[in-house]
Structure formats: structure tokens, C-alpha cells
Amino acid sequence: MKLGAHQSISGGYSEALKRIANIGGNCLQIFSSSPRGWSSFQINNEAIEQWNNKRNELNIDPIYFHATYLINLADDSRIGHASKQSLISEMNLAPKLGIKGSIIHLGSYKGEPSSIKYSTLITNIKEILNKTSPKSLFIIENAGNRKIGQTLEEISQIVKDVNNPRVKICFDTCHLFSNGYKFENNNQLDKFLNQLSSLQLINQLECWHLNDSRDEFDSGHDRHDNIGQGKMNIDEFKVLLNHPKTKDYPFIIETPGFDKKGPDQKNLDILKSLIKL
Ligand SMILES: [Zn+2]
């Protein structure tokens with residue numbers, strides 16, 4: 001079972017490895033730099049070696065970057081350009097650290113979608129893929145409120161139009177719930193997986209974000225909550241963690257934490273208690 005969390009890189013990348021091991025996780029997501037800025041993180045060879053040693057010692061795998069929240073790939077001016085530069089540098093850093101790639105919120109159409117904004121989005125994603133290591137994955141996270149990638153059909157169209165095997169998908173349970181998708185039993189999850197297959201998305205599925213939702217089902221809001229404290233039925237997590245077709249994916253929490261200090265051991269322990277041995 002691959003169960004981990006987003007952790008802070010405060011104090012250096014290697015600190016995140018220690019943090020995830022301390023709370024009992026075995027896979028990890030980190031920001032490469034400040035999630036609310038454009039600055040790219042500088043890491044020297046010594047720090048890379050330290051990271052690789054610590055990572056092997058603690059056996060943390062897989063590891064993903066989560067891209068900055070400022071990304072908007074449907075923008076054709078300054079923000080779009082900065083988004084591209086930021087992802088290009090992050091996705092080129094990833095393989096040096098054995099990181100699989102970046103999990104990305106694609107951005108927003110800022111008002112009505114248009115064919116021009118959509119083609120900007122596709123062109124930008126293609127350019128990023130062309131300018132980054134073939135080992136690095138571009139992982140689209142399904143969006144919450146009013147952002148690009150809310151429905152399976154929309155994600156499927158983007159994946160089809162970019163047409164590159166390095167494009168993968170990360171589903172966030174909270175964002176699915178806020179957009180009218182839930183699976184509280186195996187039957188409902190089978191239906192969801194069948195829908196993924198018919199949209200040719202099943203092979204793109206890379207990992208899951210496990211978060212409860214502070215907002216109601218189909219609310220269009222996407223605020224995360226601790227597992228069992230939000231509006232979602234805890235059975236949804238049980239179903240995902242035990243279903244033969246989903247249990248082997250990496251699961252990563254981004255919960256606020258019971259002490260509000262970020263993803264914690266208690267959230268992971270609750271999820272572990274749902275796993276049938
Ligand atoms: Zn997420």
C-alpha cells in the first residue's frame with residue numbers, strides 16, 4: 001500500500017522526507033518552491049546527494065511535485081509565460097531527485113471558455129512537454145470550483161488533444177465530490193472506473209489525493225477537510241483503499257490536519273484503519 005502526504009520543504013527538501021517518515025507515510029508530495037510565488041528553488045549537488053541518500057534510507061516512493069497555485073496555462077500573456085517557465089524548470093529538476101513529475105492545476109479561463117483560450121492551453125502544455133525531460137510526468141489534477149478540468153469529459157478532451165503519454169491524471173476525492181462524483185460502494189466505483197475506461201482515461205490514472213470535503217456534495221466548492229470530519233461518507237475512502245482496481249495506486253493526503261498544521265499522522269492512521277488486511 002502506498003499511502004503518504006503532502007509535506008513542507010521548510011529547512012530543505014530532505015526535511016520533507018523525514019517528516020513523511022515521522023508520520024508513517026511511505027510516499028510523498030512536495031512543492032519545489034513557494035506555492036504562492038514564481039521563484040524556482042535552487043538546489044546544489046550536495047543537497048541532491050543528501051536527498052537521494054535519505055530517500056533510499058527511508059524508502060519513500062513515489063514522490064511528486066505539486067506545482068505552484070499561480071499556474072494558469074490558458075493565459076497567453078505574462079501569467080501564462082511565467083506558468084510555462086515555472087513548470088519547465090520544475091519538471092527538469094524532478095528526474096534529478098527521482099521525482100516522477102508535477103501534479104498541476106491547469107488554471108482558469110477567467111470568464112467564459114473560448115476556442116482561443118483552449119488552444120492556448122493545449123499549445124502551452126505541448127511546449128512544456130517538448131522542453132522537459134522525457135522522464136518527467138505532467139499530471140493533471142481534476143479541478144474544484146470554476147477551474148479547468150472539472151469533469152471527466154473535459155479532462156478527456158485535453159488529454160486527447162495534447163496526445164502525449166507523459167500526460168497523467170491525479171484525482172482529488174474532495175474535488176470529485178464537489179463536482180458531483182462519489183463512490184460509496186464498489187458498485188459506484190466500478191461505474192466511475194468504467195466511465196474512465198470509456199473516455200480512455202484509465203491508463204492515464206497516476207495517483208489519488210485523499211481529502212474529505214468541507215463543502216456539500218456537488219457544491220462547486222473544493223475546501224479540503226480531515227478524513228472523517230467533512231461531508232464525505234468515510235466509506236468512499238474505504239472503497240478506494242480496498243477495491244482491487246484502485247488499491248495499488250499511490251494515495252496522498254492534503255488535509256488541513258487535526259491541529260491545523262497540515263497533513264498529519266492522525267489522518268493517515270484513520271485511512272490505515274480502513275484497510276482490510
Ligand atoms: Zn489535491
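Q: How many aromatic pairs does a search of the whole structure find?
A: Ten aromatic pairs turn up. For a pair, rings of Phe, Tyr and Trp (its six-membered ring) have centres within 6.5 Å; planes under 30 degrees apart count as stacked, over 60 as edge-to-face and the rest as tilted. Y181 and F192 are an edge-to-face pair, with 6.0 Å from centre to centre and 75 degrees between the planes.

Q: Where do Y181 and F192 lie?
A: Y181 is in the loop between α6 (173-178) and α7 (186-198), while F192 is in helix α7, so the pair ties together parts eleven residues apart in sequence. Helices (H or I, at least four residues) and strands (E, at least two) are DSSP runs, numbered from the N terminus.

Q: Before we go on, what kind of model is this?
A: It's a predicted model: local features need pLDDT of at least 70, side-chain atom pairs count only at pLDDT 80 or more, and totals for chains, interfaces and linings use all residues. Residues are numbered from 1 along each chain as its sequence is written, and side-chain values use heavy atoms, with hydrogens and water left out.

Q: Ok, back to rings. Why is the pair of F183 and W208 edge-to-face?
A: Because the planes of F183 and W208 are at 85 degrees, with the ring centres 6.1 Å apart. F183 sits in the loop between α6 and α7 and W208 in strand β7, 25 residues apart.

Q: Are F183 and W208 buried or exposed?
A: Both F183 and W208 are buried. Buried means under 20% relative accessible area, exposed over 50%, and partly exposed in between (1.4 Å probe, protein chains only). F171, Y181, F183, F192 and W208 form one aromatic cluster.

Q: New topic: which residues are the protein donors of the zinc ion?
A: They're E141 (OE), D172 (OD), H209 (ND1) and E254 (OE), lying 2.1 to 2.2 Å from the zinc ion. Donors are N, O and S atoms within 2.8 Å of the metal (3.2 Å for Na, K and Ca); water is not among the atoms, so sites may look incomplete.

Q: Why is the arrangement around the zinc ion irregular?
A: Because the four donor atoms subtend angles of 88 to 176 degrees. Four donors count as tetrahedral if all angles lie between 85 and 135 degrees; four count as square planar and six as octahedral if opposite donors are over 155 degrees apart and all others between 65 and 115; anything else is irregular.

Q: And where's I252?
A: I252 is in strand β10 (residues 251-253), and at 0% relative accessibility I252 counts as buried. Leaving out residues up to four places away in sequence, I252 touches several residues, including W208 and H209; contact means heavy atoms within 4.5 Å.

Q: What about D215 and R223?
A: The side chains of D215 and R223 meet in a salt bridge too, at 2.6 Å, N to O. D215 is buried at 8% relative accessible area, whereas R223 is partly exposed at 40%.

Conventions
A salt bridge is a side-chain nitrogen of Lys or Arg within 4 Å of a carboxyl oxygen of Asp or Glu.
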